[in-house]
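Welcome, and let us take a walk through this protein together. Please have a look at the sequence and the fold before reading on.

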Amino acid sequence: MYRLLIVDNEDYVVEGLINVFHQLTHLDLEVIGAYSGKEALERLQRTKIDIVVSDIRMPGMDGMTLQHEICRLWPSCQMIFLSGFNDFDYVQKAIRKGAVDYVLKTDGDEVVIAAVEKAIQKLEAAIEIEQLIAKSKSQMQMAMAALQKEFFSNLLQGDRIGESIIVRQFEELQIPLNPSLPALQVVGRVDEWAEGISYYDRYLLMYSIRNIASEYLDTTVDQVSIVYDRFNLIWFIQPKELHPSAVNRVQEETWSMVGRFVQGTFERIQMACKELIKLKLSVVLANRPIEWKLSARKFAEIKSKLSWGLGSGQELLIVDQEETGREASNFTTAQDTVHRLNRLEQCLENNLKSEFMAILRELFQKETYDKNYYMVVSLLFSLQAGERSRAAEIPLEWDRLARPDLHESWNEAVEYLVHCAEAIFDYKDRILHEEEDELVGKVKKLIADNLANELSLTVIADKVKHNSSYLSRLFKQKNGIGVSEYISDFRIQKTKELLADPSRKINDIATAAGFASVQYFYRVFKKATQMTPQEFRDRSAGK
């Protein structure tokens with residue numbers, strides 16, 4: 001999904017183009033309007049925008065000034081200028097500064113649509129898969145990358161490294177980050193691998209993900225990424241040129257900007273991975289920069305979030321919200337499990353039930369029962385310790401699981417262990433659907449309660465504290481239609497109910513249902529019902 005911003009000081013231009021693009025579902029666009037350059041800039045500072053269609057001559061901030069700010073905030077954003085004048089000088093300046101197109105308002109909607117389609121093609125062509133694969137092969141041969149991976153892997157597994165040693169290691173390993181600054185941690189997970197994929201191809205694709213991310217991130221931030229295991233990648237991100245001695249206000253504003261940039265950019269990274277290398281990528285971002293000595297704990301916390309509820313889904317993009325009351329021992333237990341039962345833990349975390357069960361069956365075919373039994377039980381108990389409140393809801397007899405001597409034979413003990421594992425996966429699946437349904441319910445209630453206010457996907461996502469791209473995919477998956485289409489349908493339904501009351505003025509009904517103007521309400525209502533609001537009211541009254 002791409003985010004399109006329409007900017008013009010004429011209301012009818014903005015509302016008309018929003019209506020046009022809402023009908024073009026094949027473009028998969030979230031369309032937002034702004035009625036001045038200043039309002040557009042405020043939106044751009046809050047949300048990543050992929051394409052901007054803007055009037056070039058506006059009072060206050062004109063289109064050329066706006067383009068300068070866009071290049072600073074979102075370098076990959078594509079700019080299309082609208083003008084009521086065939087001004088050759090403006091055309092030259094716009095093209096020189098990187099505008100995709102320059103369209104006269106008199107050319108009609110088809111020309112604007114073509115310009116937006118051209119911008120989408122340019123976004124999609126930004127990265128060539130052949131270059132990615134070649135770059136990946138080169139990187140895999142570099143010994144320094146392997147040493148950096150080992151350093152960060154040890155750091156994430158809880159190795160205690162003093163501050164002076166970290167400074168020296170950064171210098172020796174040529175790590176392009178500042179050891180005196182915290183870093184924003186991002187964990188990416190490949191949701192599933194194609195059956196039969198080789199070890200070499202799997203890691204080649206993992207390095208391709210790193211290169212895709214680098215193409216989008218490196219213009220604005222400093223970052224290091226490592227392939228942690230066969231499912232997970234980790235990024236450590238810092239702002240460029242932020243000095244550790246900067247005043248608190250500067251640091252807070254800089255990190256806030258970096259957080260918005262990183263979240264918006266990982267939307268594009270997800271899309272590029274899906275389009276270019278056919279991989280679904282889930283991403284969890286820490287909600288604040290983390291000191292290096294706390295990296296292991298934050299990593300364990302994020303991985304724990306990836307195991308439950310929404311974290312069990314696919315293609316999620318969420319910001320980790322810290323919870324209070326958790327003890328560090330919970331995370332230590334989870335980290336110990338990584339060392340002992342890496343494959344089974346990954347299956348449990350990534351909700352891969354079939355593979356988990358297949359590995360269980362393999363473990364109890366040839367090898368010693370007691371050794372493997374206690375290893376698997378330790379994994380399940382680490383799950384119980386790390387998520388005690390959730391695990392308590394799973395109908396299992398933990399004492400019976402922990403003591404195989406309570407069973408008549410090892411076979412019976414193993415069968416009960418398998419039963420427990422199946423119950424855990426079934427519970428995780430139920431929690432996932434419940435949390436998805438709850439989130440969609442919140443969105444629908446928010447729409448119903450705020451119909452008269454602005455209800456763009458970005459505003460809704462901010463209020464429910466979820467990424468807009470992920471929210472859009474989930475809502476459409478659950479309802480069969482997108483958020484924008486649902487809002488439009490809901491507004492029409494609401495106006496039908498209000499029109500049944502003859503005492504209510506049509507102008508007031510349009511405002512109550514959230515339409516920007518009465519004229520826009522008439523156009524949308526007639527298109528949806530083939531009647532004007534007054535004709536609908538008369539027919540409902542039996543006239």
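We can start with a pair of helices: the axes of helix α14 (residues 353-363) and α18 come within 11 Å and cross at roughly 170°. Helices here are DSSP runs of H or I with at least four residues, strands are runs of E with at least two, and both are numbered from the N terminus. An axis is a line fitted to C-alpha atoms, for helices over the stretch in contact, and the angle between N-to-C directions runs from 0 to 180 degrees. The angle makes α14 roughly antiparallel to α18, because angles over 145 degrees count as roughly antiparallel, under 35 as roughly parallel, 65 to 115 as roughly perpendicular and the rest as oblique.

A word on what you are looking at: this is a predicted model, in which local features need pLDDT of at least 70 and side-chain atom pairs count only at pLDDT 80 or more, while totals for chains, interfaces and linings use all residues. Residues are numbered from 1 along each chain as its sequence is written, and side-chain values use heavy atoms, with hydrogens and water left out.

Which residues bring α14 and α18 together? From α14 come K353, F356, M357, L360 and R361, and they meet E415, L417, V418, A421, E422, F425 and D426 in α18. Contact means heavy atoms within 4.5 Å. Sorted by class, this contact has 7 nonpolar, no polar and 5 charged residues. In this sorting, Ala, Val, Leu, Ile, Met, Phe, Trp, Tyr, Cys and Pro count as nonpolar, Asp, Glu, Lys and Arg as charged, and the others, Gly among them, as polar.

Helix α18, which spans residues 410-449, also meets α19: their axes come within 10 Å and cross at roughly 120°. That makes α18 oblique to α19. The residues in contact are L439, K442, V443, L446 and I447 of α18, together with I460, K463 and V464 of α19. By class, 6 of the residues are nonpolar, none is polar and 2 are charged.

K465 has a positive phi of about 60° although it is not a glycine. Is K465 buried or exposed? K465 is exposed, with a relative accessible area of 64%. Buried means under 20% relative accessible area, exposed over 50%, and partly exposed in between, with a 1.4 Å probe and protein chains only. E241 has a positive phi too, near 60°, and is likewise a residue other than glycine. You will find E241 in the loop between β8 (232-239) and α10 (248-276), where E241 is exposed at a relative accessible area of 82%.

Now let us turn to a strand. β3 covers residues 51-55 and includes D55. An unreviewed UniProt entry annotates D55 as "modified residue: 4-aspartylphosphate"; UniProt positions are given in the numbering used here, feature names are shortened, and annotations may be inferred rather than shown by experiment. In the model, D55 is buried, with a relative accessible area of 6%. Leaving aside neighbours within four places in sequence, D55 is in contact with V7, D8, N9, G63, L82, S83 and K105.

S54 is in strand β3 as well, and at 0% relative accessibility S54 counts as buried. What does S54 touch, not counting residues up to four places away in sequence? The list is V7, G63, L66, M79, I80, F81 and L82. F81 belongs to strand β4 (residues 78-83) and is buried, with a relative accessible area of 0%.

T220, in the loop between α9 (199-217) and β7 (221-227), is buried with a relative accessible area of 18%. Beyond its neighbours within four places in sequence, T220 is in contact with P75, K240 and F261. A296 sits in helix α11 (residues 295-305) and counts as buried at 10% relative accessibility. A296 and L156 are 140 residues apart in sequence, and 4.1 Å apart in space from C-alpha to C-alpha.

Finally, step back to the whole chain. The protein chain has 24 helices and 10 strands, and buried residues make up 52% of its 543 residues.
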